[in-house]
Amino acid sequence: MEKTFYVTTPIYYVNAEPHIGHAYTTINADFLARWKRLDGYDTFFLTGTDEHGEKIAQAAARAGMEPQQFVDEVSAKFKKAWEILHISYDDFIRTTEPRHKKVVQQYLQEIYDRGDIYYGEYEGLYCVGCERFLTEKELVDGKCPDHGVEPELRREGNYFFKMEKYRTWLRDHISKNPGFIRPERYSNEVLSILSEPIGDLSISRPKSRVSWGIELPWDPNHVTYVWFDALLNYVSALGYPEGERYRKYWPVAQHMIGKDILKTHAIFWPTMLKAGVVEIYKHLNVGGHLLADGRKMSKSLGNVINPFEWSERYGPDAVRYYLLKETPYGVDGVVSEQGLVERYNADLANDLGNLLQRVRTMVIKYRGGLLHRRQPGPGEEKVVRASGSLAARVRNLIDELKFNQALEEVLQFVRLLNRYVNERAPWKIKDEEDLDRVLYTAVDGLRTVSVLLEPAMPVKMAELRSALGLEKLSVADVEDWGGLPDGHRLPEEAPILFPKVESKKTEQKSAPTGKADKDRVATIEYDDFAKLDLRVARVVSVEKHPNADRLLVLRLDVGGEERTVVGGLAEHYRPDELEGKLVVLLANLKPRKLRGIVSQGMLLAASDGNTLALLTPDDSVEPGAKIS
Ligand code: MSP
């Protein structure tokens, strides 16, 4: 099968300036598009702006501008924002463009002619923020849960699309195609909506009330309902119905959206496509929201974080990396500047940046910058094995939308390379061939990393390759150990890739507080210490404690023996961060029941009052190893 890929972001309303929520959805889509391109897919990536409707007309009026002038200005800001964040879109569609209007009118006319649109009266509760009628069930305390306002009761004459007619077809399609809406919980949410009648969809607004929209082709007194107009962008941008791009990319379409617009994409859109006798899209990928103060960030709530300020301070690639790595796709995430700084320093400055720096220095100092490809020996075994499967593992995780885990895989590899360099200690090696072997393997590993992290950090990874004297590469070039050519030379100079950044909190941490004195305890004899049976254990799986928010339940492998340990870690670690980790277990602590689950031991952790960090051996030792 031909490798083609089509991914879209929602088209953003131009009533608000671009903020981190928009950036998050767009970065996720860009990550996927860049990965697919690197992996050899002919890829088309679409984004754009949603420019019609009541909400936009109101915003233009508030700004004292003509709607068209207003939307031109804000749409340009989105383009600028995506430029700053290195968004590699192939097309940017605006719903006020003639190419889009033409398709909307044509599509409406076709459905109308087929008898799927009729005129009727409607009364319902309308939320202008959502630009749709809400059902009683969706309200929380009588208010829209996303916008925190009471919807207005509206009664008007509208044209209706026979959406209910397609309900059971859609329900069957979703049930038969488990990956159609991902992650699964959103699929279940939609199936539950579809288990009851959904009614027909009002798809027009009387011009007397809303004039900012696309006129219905058969009735100039009405304009098209903004969602009916907006959803069609995904095909109008491809040149529906005859365009070459449409033919090529539509059959493989995947939409990336935020969970707030699930209903419109999972119900309105497929039924609209079915009515137009158009094949429906392949996947709907649903992302969670980024939260600032426990609530979704949005202009109407006034709690917006500005990603462009972060971008200026730490660079766009660091912001991209942080947003992708911090939160598993599909669930809500809490983000903060402090979190960004910590992630940057740990993963990028320490793990990756230092490795590059150390390796480069040694290659230049010991071998004048020249690398020789030597057959790997037993000391290379772990690195060679990991190199041979890394790209495939990353690919699988990305295909399952586990972007954060895909990045963590690569970071684990970076950490393995750091350990490898420490273990093999090139500064001690006398044998030239062996020295070549180690330096080559380290640089070859960095070469692989530069490709696999590129979808997250396109500019920084190009810089990493320059520091290694390499040009653009693709995933196929890094599927295995040893792709770096024999006799390759590193450039003599390269700037520091990720300079460490200071954070307020770390400054405070290092200040003397006198706290250490207070925490000091009386001295003990060695025999007292020897009573502790401390063991290395590997975390096999982790679950949230069913009865306590702060607790996690960990299953450990302690050298063949399995143990369950309950710990107060939920505020500090996500379960998936812990899986696979080596930890230190106090194995002979008397078992204790914690909220109904018996904990067989305790994990050692360090805390400075703010952060809690689990202790982990700095090198790979087998589970069960004794600590003394
Ligand atoms: N115009 C419609 C989409 C039409 S698509 C045919 C719209 N626009 S929007 O600008 O209000 O929001 C678009 C998307 O931005 C949301 O679905 C979501 O993906 C993203 N986000 C907005 N705020 C968000 C967060 N706080 N966090 C993450 N994403 C959120 O809806």
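**Ligand shell and strand pairing in the predicted model**

A backbone N or O atom of Tyr 13 lies 3.2 Å from an oxygen atom of the ligand. The model is predicted. A polar side-chain atom of His 22 is 3.3 Å from a ligand oxygen atom. For Gly 258, a backbone N or O atom lies 2.9 Å from an oxygen atom of the ligand. Taken alone, the ligand exposes 660 Å², and the protein buries 95% of that.

The shell around the ligand holds 25 residues. The closest are Ile 11, Thr 25, Asp 50, Gly 258 and Asp 260. By class, 13 shell residues are nonpolar, nine are polar and three are charged. At least two residues each come from strand E2 (12-13), helix H1 (20-38), helix H7 (226-231), helix H8 (233-236) and strand E13 (253-258). H1 gives the largest share, four residues.

Strand E3 (42-50) pairs with several strands. E2 and E3 run parallel and are joined over two bridges. Here the ligand contact residue Tyr 13 has Asp 50 of E3 as its bridge partner. Asp 50 is itself among the closest residues to the ligand. Strand E1 (residues 4-8) also pairs with E3 in the parallel sense, over five bridges. Within this pairing, Thr 8 stands opposite Leu 46 of E3. E3 and strand E4 (residues 91-94) are parallel as well, with four bridges. Gly 48 stands opposite Ile 93 in E4. Eight of the nine residues of E3 are buried, so the strand is largely enclosed by the rest of the structure.

Strand E7 (residues 152-161) and E9 are antiparallel over two bridges. Phe 161 has Leu 201 in E9 as its bridge partner.

Helix H2 (residues 54-62) packs against elements of both strand groups. Its buried residues are Glu 54, Lys 55, Ile 56, Ala 59 and Ala 60. These pack against E2, E3, helix H3 (67-84), strand E5 (117-127) and E7. Just after H2, Gly 64 adopts a positive phi of about 65°.

Pro 270 is found in helix H10 (residues 262-275). Its relative accessible area is 0%, so Pro 270 is buried. Beyond residues up to four places away in sequence, Pro 270 touches Trp 169, Leu 170, His 265, Ile 280 and Tyr 281. Leu 170 is 100 residues from Pro 270 along the chain, yet their C-alpha atoms are separated by 7.4 Å.

Thr 448 is located in helix H16 (residues 432-452). Thr 448 is buried because its relative accessible area, 1%, falls under the 20% cut-off. Not counting residues up to four places away in sequence, Thr 448 touches Leu 390, Phe 413 and Val 478.

Definitions and conventions. Residues are numbered from 1 along each chain as its sequence is written. This is a predicted model: local features need pLDDT of at least 70, side-chain atom pairs count only at pLDDT 80 or more; totals for chains, interfaces and linings use all residues. Side-chain values use heavy atoms; hydrogens and water are left out. A residue is near a molecule or strand if one of its heavy atoms lies within 4 Å of it. A polar contact is a pair of N or O atoms within 3.5 Å; within protein, one must be able to donate a hydrogen and the other to accept it, and residues adjacent in sequence count only if both atoms are side-chain atoms. Accessible areas come from the Shrake-Rupley method with a 1.4 Å probe; for residues, only the protein chains shown count as cover. Ala, Val, Leu, Ile, Met, Phe, Trp, Tyr, Cys and Pro count as nonpolar, Asp, Glu, Lys and Arg as charged, and the others, Gly among them, as polar. Two strands pair if DSSP finds at least two bridges between them. Buried means under 20% relative accessible area, exposed over 50%, partly exposed in between (1.4 Å probe, protein chains only). Contact means heavy atoms within 4.5 Å.
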